[in-house]
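Hi,

Here is the structure I promised to pass on. Have a look at it first, and my notes follow below.

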Amino acid sequence: MVSDAHVGLIAAIEATMAGAVWQRCRVHFMRNALARVPKGQAEMVAAAIRTIFAQPTGEDVREHAEVVAATLERQFPAVAELLRAAKADITAFADFPHAHWRKVWSTNPLERLNKEIKRRTDVVGIFPNDQALFAFIDSLAKPCPGPNGGTPKTPEVQGLGRSTTARGPGGGLHAARP
């Protein structure tokens, strides 16, 4: 699960999704970190933090988070403290296969999907019933074929418990594990 560091949301995830991995969105974290830095220094601090996410292995990601914190410590102690406190939260993505990192380290893909659902439902306007709306949203959420046809744009989801849409009692849509 990827989100910002909203305490209530984190508590809800822990209470309802036992065993789920929580990843703090790197974009939201960056905003929190840059709020502690003078505007003139923000790009330098942002570049240093981005290097954490450019490491090739999960172990390197975690080690580099400490290197960046140590580098920023003297000039920006509040950022170094935030980075150390959030290290486990912002590096949880590193436990997944490298091909999935871009999908799980930020809420941007989810926010993009939500924006597209809103845009398309605004175009349609009125749906005859809830099922029609859910079927429409479900069709938008499925992976799209790539430019050459059959290959999805998203990386192959292996070992991540891929969800598929299924019909529940009464015909409602819900997520089911294959």
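How are H4 and H5 oriented to each other, roughly parallel or roughly antiparallel? They are roughly antiparallel (angles over 145 degrees count as such, under 35 as roughly parallel), because their axes cross at roughly 160°. Those axes, lines fitted to C-alpha atoms over the stretch in contact, with angles from 0 to 180 degrees between N-to-C directions, come within 7 Å. H4 covers residues 58-73 and H5 residues 77-85. Contact (heavy atoms within 4.5 Å) involves Ala65, Val68 and Leu72 of H4, among others, and residues including Pro77, Val79 and Leu83 of H5.

A word on conventions: this is a predicted model, where local features need pLDDT of at least 70 and side-chain atom pairs pLDDT 80 or more, while totals for chains, interfaces and linings use all residues. Residues are numbered from 1 along each chain as its sequence is written, and side-chain values use heavy atoms, without hydrogens and water.

The chain holds nine helices and four strands (DSSP runs: H or I of at least four residues, E of at least two). Of its 178 residues, 30% are buried, meaning under 20% relative accessible area with a 1.4 Å probe, protein chains only; exposed is over 50% and partly exposed in between.

Now the rings. Phenylalanine 136 is partly exposed, at 22%. Arginine 26 sits over the face of phenylalanine 53, 4.3 Å from the ring centre (the rule asks for NZ of Lys or CZ of Arg within 6 Å of the centre and within 35 degrees of the ring normal).

Best wishes

Note on methods: Parallel < 35°, antiparallel > 145°, perpendicular 65-115°, else oblique.
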